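Open the model in your viewer and keep the selection tool handy. We will go stop by stop, with something to pick at each one.

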Amino acid sequence: GYRSRSAYKLQQLDDDAGLIAEGDTVVDLGAAPGGWLQVAAERVGDHGTVVGVDLQRIRDVDHENVETFRGDMTEERTRTKLRQRVGEQGADLVISDMAPNMTGEYGLDHARSIHLARQAFETALELLGPGGDLAVKVFDGQDLADFRADMETEFEYVRAIHPDASRDESSELYLVGKGLLTAPVRVGD
Ligand code: SAM
């Protein structure tokens, strides 16, 4: 069995948007307790790699292709560590299920969620190779459109997906950016 109900959300996102291929290097942000790690590990197979990070300690996942460490994605040193783990080759996919501690105050929870999603986006721009993909959780609200517009400048296209498995949490959705664009070649370079 999977460690979290979230596992079914990643299965649905992948089945819907075609995110994970065999042999991929996948970076999972906010990975505890590890349901997404289990799904990603199965789908990348023996030749793939999954790197997970969370504020919380992540219990060892029973797959040889998974490594995890503890870190705060709002800190630069965590991103440096990820760059070192992923190496020159870069990642094929960054997935983020990061969520703030809920206060119940809607505007605050939304703003914190967008802040974490932006951390995931910045990290994805650093780690992904050309053509790479990002799937990131957000709570719906007033700052979502601006965030989506920023993602749209960096990917071939962006979709919003509400997995059935998250229908209970109605304000939650995932933005999926497909195909990281390479920097335009400037004349004279
Ligand atoms: N996808 C996971 C799974 O399948 O087991 C569930 C993730 S849970 C919904 C959200 C996670 O985001 C929590 O474990 C939380 O600790 C983590 N998180 C929140 N803020 C974070 C941050 N700044 N850096 C790293 N992880 C963070």
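Helices (H or I, at least four residues) and strands (E, at least two) are DSSP runs, numbered from the N terminus. With that in hand, select Pro33, which sits in the loop between β1 (25-29) and α2 (35-44). The peptide bond joining Ala32 to Pro33 is cis, with omega about 0 degrees.

Two notes before moving on. Residues are numbered from 1 along each chain as its sequence is written. This is a predicted model, in which local features need pLDDT of at least 70 and side-chain atom pairs count only at pLDDT 80 or more, while totals for chains, interfaces and linings use all residues.

**The whole chain**

Zoom out and show the cartoon. The chain has 5 helices and 7 strands, and along the sequence they follow the pattern α-β-α-β-β-α-β-α-β-α-β-β. The C-alpha trace spans about 55 × 40 × 35 Å along its principal axes. For 189 residues, a compact globule would have a radius of gyration near 16 Å, and the chain agrees because its value is 16 Å; the radius is taken over C-alpha atoms, and the globule rule is 2.2 Å times the number of residues to the power 0.38.

Call two residues in contact if their C-beta atoms, placed from the backbone, lie within 7 Å. Of the contacts in the chain with a separation of 6 or more, 67% are between residues 24 or more positions apart.

**Two helices side by side**

Next, select α4 (residues 106-127) and α5 (residues 144-152): they pack at an angle of about 5 degrees, with axes 11 Å apart. Axes here are lines fitted to C-alpha atoms, for helices over the stretch in contact, and angles run from 0 to 180 degrees between N-to-C directions. Show side chains for Ile114, Ala117, Arg118 and Phe121 of α4, and for Leu144, Phe147 and Met151 of α5, which make the contact.

**Into the core**

A residue is buried if 20 or more other C-beta atoms lie within 10 Å of its own, exposed if 12 or fewer, and partly exposed in between, with C-beta atoms placed from the backbone. Buried residues make up 39% of the 189 in the chain.

A nonpolar core is a set of buried Ala, Val, Leu, Ile, Met, Phe, Trp, Tyr and Cys residues joined through C-beta atoms within 7 Å. The largest one here has 49 residues, of which Val26, Val27, Ala40, Val94, Ala120 and Val136 touch the most other members. Helix α4 gives the most to this core, with 7 residues.

Center on Ala120. Which residues does Ala120 touch, not counting those up to four places away in sequence? They are Leu29, Met73, Val94, Ser96, Met98 and Val136.

Pick Tyr174 in strand β7 (residues 172-180). Tyr174 counts as buried because it has 25 C-beta neighbours inside 10 Å. Beyond four places in sequence, Tyr174 is in contact with Leu13, Ala135, Val136, Lys137 and Ile161.

Move to Phe139 in strand β5 (residues 128-139), also buried, with 23 C-beta neighbours inside 10 Å. Leaving aside neighbours within four places, its contacts are Asp109, His110, Ser113, Ser171 and Glu172.

Finish at Arg77 in helix α3 (residues 76-86). Is Arg77 buried or exposed? With 9 C-beta neighbours inside 10 Å, Arg77 counts as exposed.
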